[in-house]
Amino acid sequence: MATIDIPAVTLNDGTAFAELGLGTYKLTGEDGIAAIAAGIRSGYRVIDTAVNYGNEREVGEAVRRSGVDRDELVVTTKIPGRHHGYDEAIASGRESNATLGLGRIDLLLIHWPNPRVDKYVDTFKGMLALREEGLVRSVGVSNFTESMLRRLIDETGVTPAVNQVELHPYFPQGALRAFHAEYGIRTESWSPLARRSELLTEPLIRDLAAAYQVSPTQVVLRWHVQLGATPIPKSADPERQRENADVFGFALDDEHVEAISALERGRLWDGDPETHEEF
Ligand code: NAP
């Protein structure tokens, strides 16, 4: 089967990233390896994992089995809350690197800021030390607010390459995206399909799918692409993975992008970075 050509973008540190990537939460064991390897063979180049997904080993194995050149891939993992702190972040990155077994981590993120603990600046400094050493290529964050990003930039002099946040038509994150654009931070959308909630049966999404002759999922993922955010839909199924990646052959009119953004209603889960804690 032909490989889908997912366009590349360049991060603020000069490294390559992609307009769409693959989520892997819950893809574990042999089935998980097979699913992730199928995604890579379909054309996915940005692969998202985390210590807390318990599948870094599977992601590394899927990369090796895929037959795709390792240097074409951007394997992302994340430091959990229990590893916050300078030394802890260095140890966490080393352990992830060993578990992945791919020679280096392409993009390392802080999974959640956990502001009550107040160690995300030191965590980021530890990640910068790993980058200096060559063990990590790019550094970024996840679930950071504008004020947390400002503090990180002020106190380290380094602008994260990526901020991976909850983003879907019910929570389009307009203000945060504008801040990212100003600072050259790539927005990455987690739960881009709103975890297949009622989003995919919204009348607007169904009508647009019929009008553009694509699937509801493709309408939603194309909307992310046109916002300039990288969605990382997760699917265990090779056919749905291909459907999700195949959104570069059509474009939504601006008025339709705006209409989808008007579905906004706020966060869907208990994921306010000011209060949510993850360890
Ligand atoms: P999602 O990608 O929005 O939705 C995944 C769900 O949609 C799965 O149930 C999947 O089922 C289904 N699906 C996928 N493609 C479909 C299609 N074409 N048609 C119908 N159903 C489809 O949700 P997510 O997994 O929560 O988010 C994506 C990734 O973001 C995660 O895997 C993870 O890597 C990352 N994430 C990060 C954070 C963070 O804090 N940084 C938080 C949450 C998630 P099947 O597998 O059966 O296809």
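Trainee: Which residues of helix H10 are buried, and what makes them count as such?

Mentor: In H10, which spans residues 254-261, they are Val257, Ile260 and Ser261. Buried means under 20% relative accessible area, exposed over 50%, and partly exposed in between, with a 1.4 Å probe and protein chains only. Keep in mind that this is a predicted model, where local features need pLDDT of at least 70, side-chain atom pairs count only at pLDDT 80 or more, and totals for chains, interfaces and linings use all residues. Residues are numbered from 1 along each chain as its sequence is written, and side-chain values use heavy atoms, leaving out hydrogens and water.

Trainee: How do you know that the buried residues of H10 line one face?

Mentor: Down the axis of H10 they fall within an arc of 100°, so they share one face of the helix. The arc is taken from the directions from the helix axis to the C-beta atoms. Glu255 and Glu258, both exposed, sit on the face turned away from the buried side.

Trainee: What do the buried residues of H10 pack against?

Mentor: Helix H7 (203-212) and helix H8 (216-227). Helices here are DSSP runs of H or I with at least four residues, strands are runs of E with at least two, and both are numbered from the N terminus.

Trainee: His224 lies in H8. Why is His224 called buried?

Mentor: Its relative accessibility is 0%, so His224 counts as buried.

Trainee: Which residues does His224 contact, beyond its neighbours within four places in sequence?

Mentor: Leu167, His168, Ser189, Pro192, Ala229 and Pro231, where contact means heavy atoms within 4.5 Å.
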